[in-house]
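Subject: Model handover

Hi,

Here is the structure for your set-up. My notes on strands and salt bridges follow below it.

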Amino acid sequence: DRPQPPRLPSPAYSPTCDDVVWSLPQSVRAPRQTRRGRFLPPIPVATPALGKAGRMYAPVLDKGGKVFLEAYDQTGERAWRTGPLGDGPVSPPALGRAPTGQASTTATCTRVRDGKTTVVRDQRADSVYLAVGATLYAFDGRGRLRWKNNPGGLELGEPNVQLGEPIVARLKTGDELILVTWTDPDSKANSIVAYRSDGRVVWRVALDAPALGSPAIANGRIYLATTRSLYAIH
């Protein structure tokens, strides 16, 4: 049998900064529109997320197999790194916006369009949400842990709970909902849970089967497919 190529995260794109980030077997390449690139170790284990000013948030594994969340600026410099997180499958990060009044970060990027270079600054820090194993983590724009929770209601790190990719829904009030699905292969329980940005559970809806992918949001409703049904939640 031929050796299989390594499975690498999908590319990520920032329309604000014209950044494209993708992974190669030995590195991460993130060229700007000006064709200049950079290589950032180590390799992400899920598709990175790019913030408003081009800051890249990437879940990575160290040599010991531990999961960390790292943030890199467009220059390739690492802005921060969290402590080790839990075990299990890792989702792509979901980005929200910090509460009004929170200090901005130092993140900046340059954008080149029609020969004109523009500097973009982030006047409002990102909030970063990441699912690792059975735990949903929330970090502020400086990499500090804001809260963590287990949507399944079990002990943190319980290995039989599997979380889907979190997504962020913005409300008319200016707050955000963080949506995450989970399934317990042992009990066959499935659910979608909505959190406020401060970590409070707003609601949860039991599902008839494991979710297929992440929820989608349109016209004030949340759409979610399971292996049996299509849900519309409002």
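Which residue in the hairpin of E12 and E13 takes a positive phi? Gly 143 does, with phi near 85°. The hairpin has five residues between the strands.

First, the ground rules. This is a predicted model: local features need pLDDT of at least 70, side-chain atom pairs count only at pLDDT 80 or more, and totals for chains, interfaces and linings use all residues. Residues are numbered from 1 along each chain as its sequence is written, and side-chain values use heavy atoms, with hydrogens and water left out.

Strands

Strands (E, at least two residues) are DSSP runs, numbered from the N terminus. Two of them pair if DSSP finds at least two bridges between them.

- E12 (residues 135-139) and E13 (residues 145-149) run antiparallel, joined by four bridges. Phe 139 stands opposite Leu 145 in E13.
- An open sheet of four strands has the order E4-E5-E6-E7, with antiparallel pairing. Its edge strands are E4 (49-50) and E7 (78-81), each pairing on one side only.
- Within that order, E5 (residues 56-61) and E6 (residues 67-72) pair over six bridges, in the antiparallel sense. Met 56 stands opposite Tyr 72 in E6.

Salt bridges

The criterion is a side-chain nitrogen of Lys or Arg within 4 Å of a carboxyl oxygen of Asp or Glu. The whole structure holds seven salt bridges. For accessibility, buried means under 20% relative accessible area, exposed over 50%, and partly exposed in between (1.4 Å probe, protein chains only).

- Asp 126 and Arg 97: the closest N and O atoms are 2.5 Å apart. The pair links distant parts of the chain, with Asp 126 in strand E11 (residues 126-132) and Arg 97 in strand E8 (residues 94-97), 29 residues apart. Asp 126 counts as buried because its relative accessibility is 3%. Arg 97 is at 18%, so this residue counts as buried too.
- Glu 70 and Arg 78: their side chains meet at 3.1 Å, N to O. Glu 70 is at 2% relative accessibility, so it counts as buried. Arg 78 is at 46%, so it counts as partly exposed. Glu 70, Arg 78 and Arg 81 are linked in a network of salt bridges.
- Asp 198 and Arg 200: the side chains meet at 2.8 Å, N to O. Asp 198 counts as partly exposed because its relative accessibility is 43%.

Best wishes
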